[in-house]
Amino acid sequence: MPGLGTSFGRGGATTSQQDLANADAILIMGSSMAENHPVGFQWVVEAKKRGAKVIHVDPRFTRTSAMADHWVPLRAGSDIVFLGGLIRYVLENGREFREYVVRYTNAPTLLREDFRDTEDLGGVFSGWDDEAGKYSPESWLYEGAKPKGGEPGHEPSGSGHAKERGGESQDDLNPSPRDESLENPRCVFQTLKRHFARYTPELVEEACGVSKEAFLRIADVFSSASGPEKTAAICYAVGWTQHSTGAQIIRAAAILQLLLGNIGRPGGGILALRGHASIQGSTDIPTLYDILPGYLPMPLFDAKVDTLAEYIERNGAKKGWWNNIDKYIVSLLKAYYGDRATAANEFGYGWLPRVTGDHSHQAYWIEMADGKIEGLFVMGQNPAVGAPNSRFGRKAMAKLKWLVVRDLVEVETASFWYDSPEVARGELSPGEIGTEVFLFPAAGHAEKAGCFTNTQRLLQWREKAVDPPGDARSEAWFIHHLARRLKARAKLDPSPRNAPLEALAWEYPTLAPHHEPDIETVLQEINGWRVADRFLVKDFTELAADGSTACGCWIYSGVFPEPGHDNNKAAKRAPEDFYGRGWGYAWPLDRRILYNRASARPDGKPWSERKKLVWWDDGARRWTGNDEPDFTKSKPPDYRPAANAQGDAAIPGDAPFFMHPDGMGWIWVSSGLKDGPLPTHYEPLESPVANALYPKRQKNPAAATLERPGNRYAAFPDRRFPHVMTTYRLTEHHTAGGMSRTLSHLAELQPELFCEISPDLAREASIVHGGWATITTARGIVEARVLVTARMPSLTIAGQIVHQVGLPYHWGSRGLVTGDAVNDLIAFSQEPNVRIMESKALECRIEPGRRPRRAGAVEKLERLMEEPAGNA
Amino acid sequence: MTRERIPDDASEQALDELRREAGARGAVPRDGIRPAGAPFPMPSPSAETGYYGLPVLKEPTWTWEVPIYFFVGGAAGACAALSAAARWTGADAALVRKARWIAAAGAALSPPLLISDLGRPERFLNMLRVAKIRSPMSVGAWTLVAFSTSASAAAFADLVDRRLGGSVPVRVLADAAGALSAVTGLGMATYTGVLLGATAIPAWYENAAVLPAHFAASALGSAVGLIELSGRSDRALNALGLAAAAAEIVVGASLETRRGRSLEPLKTGRAGALIRAGGVLSGPLAFGLRLFGGRSITMRRAAGLAALAGSLCTRIGWVAAGHVSARDPIPVLNAGEDRDVEGGND
Amino acid sequence: MIREALLRWPLIRQILEGKDGTGPEAMSERTRTLRPKTDGAQVARSVCPYCAVGCGQLVFHRGNRLVSIEGDPESPISRGRLCPKGSASFELLTHTQRLQKVKYRAPFAKEWAVIDLETAMDMVAERVWESRERTFQETRDGRPVMQCRGIAHLGGATLDNEENYLIKKLFTAGLGMVAVSNQARI
Amino acid sequence: MSAEPASARVRPRITGFFTDSTLCIGCKACEVACKEWNEIPSDGFVWSGLSYDNTVSLGHSTWRHVKFVERLPVHGAGGFSSPDVSWEFSSDVCKHCEVAGCLEACPTGSIVRTEFGGVYIQPDVCNGCGYCVVSCPFGVVDRRPHDRAFKCTFCYDRQKAGMVPACAKACPTESIRFGELEVLRREAAARLVELRAGGVEDAVVYDPRDTSVGGIHAFFLVRGDPKMYNLPERPEVPTVRLRPAWRSAGAAAAAILTAAIGAFLFADGK
């Protein structure tokens, strides 16, 4: 989420799917929306009917391209060059929305003298430390800003989900030095111009393989949808995020949209298309290691935040919304520890575990491989085929003492000990695997009540229809009854470590017939209440820092303002307007389009009749319009904060991005990202192509390869793995297939794993359509049917032909239809900000025929790895 | 109901082999395996090849009983007609009786054959729920019912008549039944041609006007053959045999001379071979044997045998040709461009 | 009596009405009284469990059994439409391969065993307690850590917000687990 | 032969499908929604290699079928703007012909014309004689081995309750429109004009009304030659061959009778 979070203030899609219908142009990139979000795509079709131009940029001609007005194939992993090219095109041709840029973004803000750009330092920004392998971002700060508390920069253990050290760039400044003429060479605007000066159409052609003509046509179409009368939207998905530069690709899109004035306005915005029912929700209320609900950071051991005061001082901000962090963390602790959380014990802050390192998925999986993890819970996920380097992952699971899997069917994660490829290949055998496995039947979506948060931050409640079959139960039931047992045990053993467990507030009424916890009481706890009388709070503005309120997730506060099912706003089903107010609940405070203050001019009047959304009603002295204003309703456009005003009071009436201390949209991110204040093109961790911009910096220096036996990489260059490989989903299946391979009506639609290759590659490698091919990377080996198609073009990069191999990743060893797990080919790797793997651009080799059976497959791989990489 | 296919090497080889076959023949009608996937590499769809060259039509789902039924029903029907004709012309009563019994035998055999082909045999009576003049299958069903009843009634009455040593009312009844069986019998001999002709399958509907006459001639030929083989050698039968054979020669000649992609299945492959064999056996061969056999009973019986064999081949061949024809999308896609349909829709 | 019997024979109806046997006269009792299977079923307002578009679903059920799952026309996002996966979500909940009992595999065992739910819960609680006892760290160089490193969790993006909340509350705030993760990234 | 073809009666509100391929995203929701509602089994897990089409054709267990017409994409041009069809999707279904071959062929009266103008196989009546299979000019009706004939029911059960057929309800992009036939035909004409104006010159409406089929209640808007989608140029209802066939039958019968009588009179005349 930090790509969006650092740019605008919140790590969520800025717009809603319906609003795409209002766009004049839509750029879909890093996503095949028609294939993976078909029902959401109806709004793109709606926009087409209203005359919008749809652009799809993707290595493959997909079902989305088939519906687009423009499609250009680009080389997987060259996205920042393409977007940088668009940014340069806008700047060079004066296509930016000038007044928006000057008034609503930090483009005019001046930067420090000592900042050095990648263009000056051959591929790194100032502050890079080669030994430590990380940045000290002090020189990225605004001019005159002081780093706050101790040495600047990020603790390595921290991750980008949290608003870490939020706003250090602004606190001591009021206001920051700006040059609204945008002429000052040290202002963000000029720095941006210099930074992207080399991202020319020629470079785009050389690095992306996109013809100059095609690029210029698209640049013109997209940047024309800007200004008071027009807007353009951008849709992306994991085609952008699953890269070693993932967050920065999204940053590039954010910069482009800020320059074109497309944030907070109808038909504008950036729509992040999430792939799971509640992936947004599972970040808002995280099952992640580095944050607490509502994007509050977990206490980092290295950050020396041993006391609550230190935590608030470090993570709060004097200006902007994060000034309220004390209220939110204290209310959360009250929700967690109830009466046992008192001012005397810092509300139990000391009981929270400290983050002492990288505890993210891939990191702890490596610890698992080293035998450091005893037990693992897996709920509704299937890492044995769904996680990167699943071959490494399955072997790691064999080192566990015990494993608990909860799912609807017996997934590969539960059965790895007897039917994984490793068993077939003789690498593992049940007799040698000491892992104790518990496989629990889980309840399906219609067999339990609860809410998902969809891709546009909308909480939608599901009513329970029927009881789950047999011993199937919900995750809530499992956790509740596990908690009961453990707390009972903790009572008997009052050691310090058991204090938090014992203190944990856990009184949820249960319902017949299975003693399922009453989920609405949990949602009420998330909404928050006054501790004294348990009156539910209206919303997070009622939360206090003195322990008088409890709230499980401040950004969701307001979803359940009064008792009774009728007041469960997530369950509301009476849409009143186009944006669907009255249907579900969009955080925060039911606002459907974020930062919509920007849909009005600085003086509060709409930019245009055609694109009006919210505006200042001078008579009523309040903001009003077609959506909930994402702004303090009573704050007039001409409001100017008093010197040393704090919190929201420090935000002027014409600053739409009020989560930020300066209330501006951040073209420049001086704090919060670990790999630079601006996006820069680096090649993927595995690439057959040299970095056309920075020969000395082939790949993102801040990204981690986690290279080790079992997680090997191709060399550069590497003739063993000459082709670019990318993975994707098909409409007919879901992720690794756990919810689709067992369904006959889906399985028959895509019954076999196949690879898509160009006729050129087929000829070159003498592979026949409809036959078999074996695809190998430094990690693994799979076989697939061959679909030879011109939809998967080979591209000319820097004068040489680069072939791309496309692989959907839905198959595994179980289900009605089976196939090799493509994730065996993907490497563990970490984008620096969110530690996501790079699965969208790797290097592979492809040969005709099926892979060897049994042990032969591994032998083939090992023989290949012994060959010299040589020169490609 | 779902079949799971574990892609092990054995099943893969089977599949590849089937794909090769499909590539050669255009389709493999086999459970679980479809013509799809072949031929490789895939032809891209075009106005010329249609959708990846896949069939437009569905193949007939009929089982082996159907052509046999066409043969038996036709022969029996023609027999009934002959017996009636013989009776009216005051020919030898023994001949009439033989013909009646052969017809009755065929009439008894036909329904089981037809019923065993049904997907839901237990529902065969539904054939009598309605009477649809525009449905050859419905007309045929009613014809079969009428024919089976009348033909067996005629034979039975004949039996009773002889037991009682001649009783007028019974003989009247027998003759009435005989007459009815003659009319419906002629229906049996011809309607199967209409049944095939009035379908969407090019090789069949292109011969809508030929098939009924063709099947009738073939039915007459086999009827004559059956009666002769049962020990008769009347000159009249031989004359009728000659006539049937002559008609078959005409039909065969016309089929051979007509051209067109939709007629290919009638001339090539297994179906073509069967149809040609049938044509030769019941046409020139039968004709020659009768013409040059003079008064030789053996030659006439040989001719009768040839006609029977030919008739069977013809029925099997035409049904097989329908399968082949249904697999070829080209005539279906381009039909009607040059030809305006005879008769039209009244 | 016989008249009724005869009138039930479509042929008679056909003749009396002078029809050709292709219309109502040929319809069976079942056809004439045909109704959709959702007739009289109860409806639960639900949401599709696959991707994050968040399509509204109507879950039809009768006597604690699912009847059908369709799109919810009132949803401002999906307007009643569903993709193939959403359309298949009835089969997702009703197909034969769904688990109904807890399966247990003892260390080094070659077979699954089926065990009782409550027993399984007791065993899991036991494992958690022991692993936590073994791997819990209260302080590091005199500063609080309160961390249990020996147990990890994966999953959440397919679960409900309330469930994620309870997981984080028990595992992190209660047990001190830090290795908690799910699919969600950027 | 009866005075008028079975289906030419005037009926109340006639409904239809208008499948607009230019709006289809090839998601196959219609196939699945149909199978889920009508409880149709899967018909096998065979990878075809024909683009993304693995159900390959309509059949006894596939009543909606999405075709994937794959050609050569043009760099820079999306499928929508491209002068050539680059990757076109089209959801096929029973055409519910105005004059329906299967309906006229059915000997049991199992196949009936409903009050909505649809052609419906009564599952409790069909005895699986298979004659409708060879009588459908579009190759839609199919007999399941050792069972009866199957095809799209036009969701007769849903229509009776005023509900939209399952496929049309699920379709995410309104590529499958359901409604009053004549209204849909007008909409299709308008859509065609709009598309042509927008530069999609190769768009055509497929609704053969000048043949004996007399128009179809489930008609299509496709790009390029309909034959690419296996849609016949001039489909004819098989009953147009009844007259020549029966004429031939009559003549043959008469000939046999005359020949027989003649033969017995003169050859054996005593």
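A helix here is a DSSP run of H or I at least four residues long, numbered from the N terminus. By that reading, Ala107(B) sits in helix H3, residues 93-117 of chain B. Keep in mind that this is a predicted model.

- Strand S13 (residues 450-453) and strand S14 (residues 458-462) of chain A run antiparallel, paired over 4 bridges.
- Across that pairing, Cys451(A) faces Trp461(A) of S14(A).
- The strands have 4 residues between them, and Arg457(A) in this hairpin has a positive phi near 65 degrees.
- In a regular strand, side chains alternate between the two faces of the sheet.
- S13(A) is covered on both faces: Gly450(A) and Phe452(A) are buried on one side, Cys451(A) and Thr453(A) on the other.

- Away from its sequence neighbours (up to four places), Ala107(B) touches Ala76(B), Phe147(B), Ser148(B) and Ala151(B).
- Ala76(B) is 31 residues from Ala107(B) along the chain, yet their C-alpha atoms are 6.4 Å apart.
- Over in chain A, Asn700(A) belongs to the loop between strand S21 (622-625) and strand S22 (723-728).
- Asn700(A) is buried too, at 3% relative accessibility.
- Beyond four places in sequence, the contacts of Asn700(A) are Ser244(A), Thr245(A), Asp675(A), Tyr682(A), Glu683(A) and Pro832(A).

**Salt bridges**

- Side chains of opposite charge can pair when their charged atoms come close.
- Over all chains, the count comes to 114 salt bridges.
- One of them joins Glu683(A) and Arg75(A), at 2.7 Å from N to O.
- Glu683(A) is in the S21-S22 loop and Arg75(A) in the loop between strand S3 (70-72) and helix H4 (79-92) of chain A, so this pair ties together parts 608 residues apart in sequence.
- Both Glu683(A) and Arg75(A) are buried.
- In chain B, Asp175(B) and Arg87(B) form a salt bridge, with their closest N and O atoms 2.8 Å apart.
- Asp175(B) comes from helix H5 (residues 168-197) and Arg87(B) from helix H2 (residues 65-88), so the link spans 88 residues of sequence.
- Asp175(B) is partly exposed at 24%, and Arg87(B) is partly exposed at 31%.
- In chain D, Arg185(D) and Glu182(D) make a salt bridge at 3.1 Å, N to O.
- Those two are 3 residues apart in helix H6 (residues 181-197) of chain D, which puts about one helical turn between them.
- Arg185(D) is buried at 13%, whereas Glu182(D) is partly exposed at 39%.
- A salt-bridge network links Glu35(A), Arg60(A), Arg63(A), Glu732(A), Glu756(A), Arg791(A), Lys28(D) and Glu70(D).

How values were computed:
Residues are numbered from 1 along each chain as its sequence is written. Chains are lettered from A and ligands numbered from 1 in the order in which they are written. This is a predicted model: local features need pLDDT of at least 70, side-chain atom pairs count only at pLDDT 80 or more; totals for chains, interfaces and linings use all residues. Side-chain values use heavy atoms; hydrogens and water are left out. Buried means under 20% relative accessible area, exposed over 50%, partly exposed in between (1.4 Å probe, protein chains only). Two strands pair if DSSP finds at least two bridges between them. Contact means heavy atoms within 4.5 Å. A salt bridge is a side-chain nitrogen of Lys or Arg within 4 Å of a carboxyl oxygen of Asp or Glu.
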